[in-house]
Amino acid sequence: MKHRNVVCCVCGAVCDDIEVGLVGGEIKVKNACALGRARFQELTNEDRIKEPLVGGVHVDWDQALDKAAKILKNAEHPLIFIGSVTSTETMRQGIRIAEYLGGVVDSHPTLCEGPMIMGIQEAGMPSSTLGEVRNRADLVVFWGANPLQSHLRHLSRYSLFPEGRFRKGGRRDRKLVVVDPRKTKTAEIADLHVQVDPNKDYELMSAVMAILKGNDVGGDVAGVGRETIYELADLMKNCEFGAVFIGLGLASSLGKYRNLERLMKLVRDLNRFTRFVIIPNLGHGNVSGFIQAMTSASGYPFGVDYSRGYPRYNPGEYTTVDLLRRGEVDAMLIVAADLVAHMPRDVVRFMKGIPIVSVNVSQCPTALFSDVVLPGVVAGMESSGTIYRLDNVPLPLKKFVEPPFSFTESDEDTLRQLFDRLRC
Amino acid sequence: MQYIMMKNVVLRNGIVYDPLNNVNGERKDLFIHEGRLVEKMDERKAKVIDLKGKVVMPSGVDIHSHFAGGKVNMGRLLRPEDSMGHEVSKTGLLRSGSGFSLPTTHLTGYLYARMGYTLANEPAVPPMKSRHTHEEFNETPMLDKSGLLLLGNNHQVIEYVAEEDQESLNSWISYMLNATKTYGVKAVNPGGVFAWGWNKYINSLDDEVPCYNVTPKEIISGLIQGCATLRLPHPLHIHLNNLGNPGNYETTLESMRMGPMHITHAQFSSYGGDSWKDFCSEAEKVAKEVNRRAEITVDMGQVVFGETTTITADAPFEYHLSQLTGMKWSNADVENESGGGVTPYTYRKSSGVNAVQWAIGLELALHVKDPWRVYLTTDHPNAAPFIYYPRIIAWLMDKRYRDKVLGECHRWALERTTLPSLDRELSLEEIVVMTRAGPAKRLDLRASLSIGDEANLAVYDISPEETEGEKIEEAFSSAAYTIKNGDIVVKDGRVVREINGRTFWVKTRTEKDIKEDILERFRYYTIEPENYIVESAYIRNGVELDTK
């Protein structure tokens, strides 16, 4: 059986042209990158969780759900963490549970892209879809981003190489600039690599802004030579349509969301001379979907506290790591994420002491930590739903095989069943 | 059975307004059986409500409100400050939410229902992001919904117009509507948003759109013809070129001569003067032209003073507004199709321009003679959030009430508009037309109390003779009852039952098969044609209207 135009949900680039063939027990994948191909093998993963577990012991589905509901009902301040490799429908159901319980709901932006979102709240984000870059851009800048190792098909499918409506020559019609302290794979193929000093991006952005405003930059800034800064400013100002893609290099270095705010303001200024857009290279599959779902439900993008019955947002106060580090949470529901493998050690130590319910596709440290494990359904293969690409383009996740069990149809269904138990 | 019982209601002694049936303030009993209005029924099997001293009318219909979808959510994301201090708690019945100018999905439904509204038309669906709009429609309770598809800057549309291939253009429009499950066609600054992709501007209907040898006029003509050929229930819904610029009323008059269309938020397109210095109202001229042309309808886009969020597919407009104010700005160009921008804005009484803008909306409503052709909107949230509709109703019905505001405004409102000289006060019947029967008719939907119709109606605690603005505003802010398909969903201004409304879309057919061409044109999209299509199963309570 061959399935065409399957949507991949590994990274934020959400390629929708994947071909998946199921021949006997084997899975053949076309068009996907190495990360995508590995994801589709999940269907035959030997570590697949197929039965519910309570305290590490196999139990039936109803028993597991009852136990999960009991844990969450007894909690005074539960944290619901919804991962990104799942549908927005699952996320909405998770948000609903958090609201009902008066808990906190959070997702991957809290660990990775949060500063980008906060940058938007400060400055606004002049952006576009990826196709607009492909069709129009003659200048592509990757700032603190390294797509050749994070979004493997980014350059070939969207931003650099492909033919565009008004860029028939593809790569030949575009300039590639990389701003990165390291000589990354992407930097190696760049027309200009601006090797900024680590943690000095803010200064470099400010210098470019100063030049755009007609001021002189006297000497080197942020480890970058004066001439290179002028060259960068010239390229940006004089292109016909420019795009800057931003990565965790900015969100996770010194300055955090201030870096993003600065860059968004720089892009805003560039629009006085030409058209310029800024697009965050969101990492995990449906990060964008969580931000959309959370914002449309509560007005806030991540780290939302419902303990007073209405949504509250204050990064650092209601966000996962901070809550766990301060020991403010007394139970967790973790869906489609291996949180334990990615948390600081003292947080993991705290998590060991509180009851955890998790929904996981396969064995992982989070499942091992969990009091209740509910088997996960592989989104985009065993269940349908909605996913948002990093540029907020919504795409359909499509089911093409049955899950290996009958007690639930999808993670959304699992959470709905859990919600029904919480209410009775 | 118990549920059906709840849909059986007898409304006694209400003063009924039903313009479609020429019922104008008559004391009547209404009978609702299983969600529909009937001649008579067994009262023992129904809930009987005495509405003595209250007025009854079809529930409200908003023909133009940006309440769901990518741009709206971009606004919510940009503005946490719009949510803070405007949070609403969950109850045993209702979801929580937040937002003043951009309420979250559930809250949007509750707020509309409280005012007695049960239908809202989202007028800016970018085709490629229509799934997002539908996802938010699914999450917006209480309301029936429809969406209009942004096609005025669609590259394929422009190409077909350039090739003078109207037949293929019709097929393309049909394909797009069917793929995105939308209800009609919207054009926003036709050609202008595309041009801004190259940092170029379109300032008149005859400017050439870069890269293609066409003008906005030709795009508009092609779309008007397409809407007619496809027998769409709603004509071309247009946000005109040159919107927001001094002197743009001439573009407005010129556009009106092109054929049947609904000109939305006409307030933003009725400006005189050559610059912001000699900015003035030309609402009277625009209204006169509307009076002359039966095929034209408008909605107000009424300004209410205060802070709001502006969101429009007219991306260059938002950019310029943000340059003017220095406020933060988000933008979202959509490949091959459209654009969109968001920036906060505050309308001030002390600003001459804002004061004139405020007057223009009212002037339009008062100068247009036929209430069936001018509808009450605020272009939510651009000129004001929709929660202000009751205040606007009161301004239109009570000259004293609006003159009070006029007196507080910058003198330009007195000197550069005709509002001070307008004595007209709209009757309750005219308001019922402007806020329900009229917009519904223009959408080819029904807002009436005919026997057999769905029971979608609102009851307000107000005397038909009431002339005092304060009381009118209060009454319309909080419906005594809102009834949706026979369910009592609001009582005394409180939502007492959450229901899911429906989503309407059209099914169209065309002669010419352009399947191959469609695939060819997808070459410059970054998603596959198959994944572009929103399946009907995706839509909660979808209703397909076949135009055959």
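Which residues form one aromatic cluster with Phe166(A)? Phe194(B), Trp198(B) and Tyr212(B) do.

## Basis of the model

This is a predicted model, in which local features need pLDDT of at least 70 and side-chain atom pairs count only at pLDDT 80 or more, while totals for chains, interfaces and linings use all residues. Residues are numbered from 1 along each chain as its sequence is written, chains are lettered from A and ligands numbered from 1 in the order in which they are written, and side-chain values use heavy atoms, with hydrogens and water left out.

## Aromatic pairs

Rings of Phe, Tyr and Trp (its six-membered ring) pair if their centres lie within 6.5 Å; planes under 30 degrees apart count as stacked, over 60 as edge-to-face and the rest as tilted. By this rule there are 28 aromatic pairs over all chains. In one of them, Tyr300(A) and Tyr313(A) are stacked, at 5.3 Å centre to centre and with 10° between the planes. Tyr300(A) is in the loop between α13 (287-298) and β14 (304-305) of chain A, and Tyr313(A) is in strand β15 (residues 312-313), 13 residues apart. Helices (H or I, at least four residues) and strands (E, at least two) are DSSP runs, numbered from the N terminus.

Both tyrosines, Tyr300(A) and Tyr313(A), are buried; the term means under 20% relative accessible area, with exposed over 50% and partly exposed in between (1.4 Å probe, protein chains only). Phe302(A) and Tyr313(A) also pair, and because their ring centres are 5.8 Å apart and their planes at 85°, this pair is edge-to-face. Phe302(A) lies in the loop between α13 and β14 of chain A and Tyr313(A) in β15, so the pair ties together parts 11 residues apart in sequence. The relative accessible area of Phe302(A) is 2%, so Phe302(A) is buried.

## Strand β13 of chain A

All 6 of the 6 residues in strand β13 (residues 275-280) of chain A are buried. Arg275(A), Val277(A) and Ile279(A) point one way from β13(A), and Phe276(A), Ile278(A) and Pro280(A) the other way. In a regular strand the side chains alternate between the two faces of the sheet.

Strand β12 (residues 241-246) of chain A runs parallel to β13(A), joined by 6 bridges; two strands pair if DSSP finds at least two bridges between them. Ala243(A) has Val277(A) as its bridge partner in β13(A).

## Charges over rings

A charge sits over a ring if NZ of Lys or CZ of Arg is within 6 Å of the ring centre and within 35 degrees of the ring normal. The charged end of Arg275(A) sits over the ring of Trp196(B), 3.6 Å from its centre. That of Arg136(A) sits over the ring of Trp198(B), 4.9 Å from its centre.
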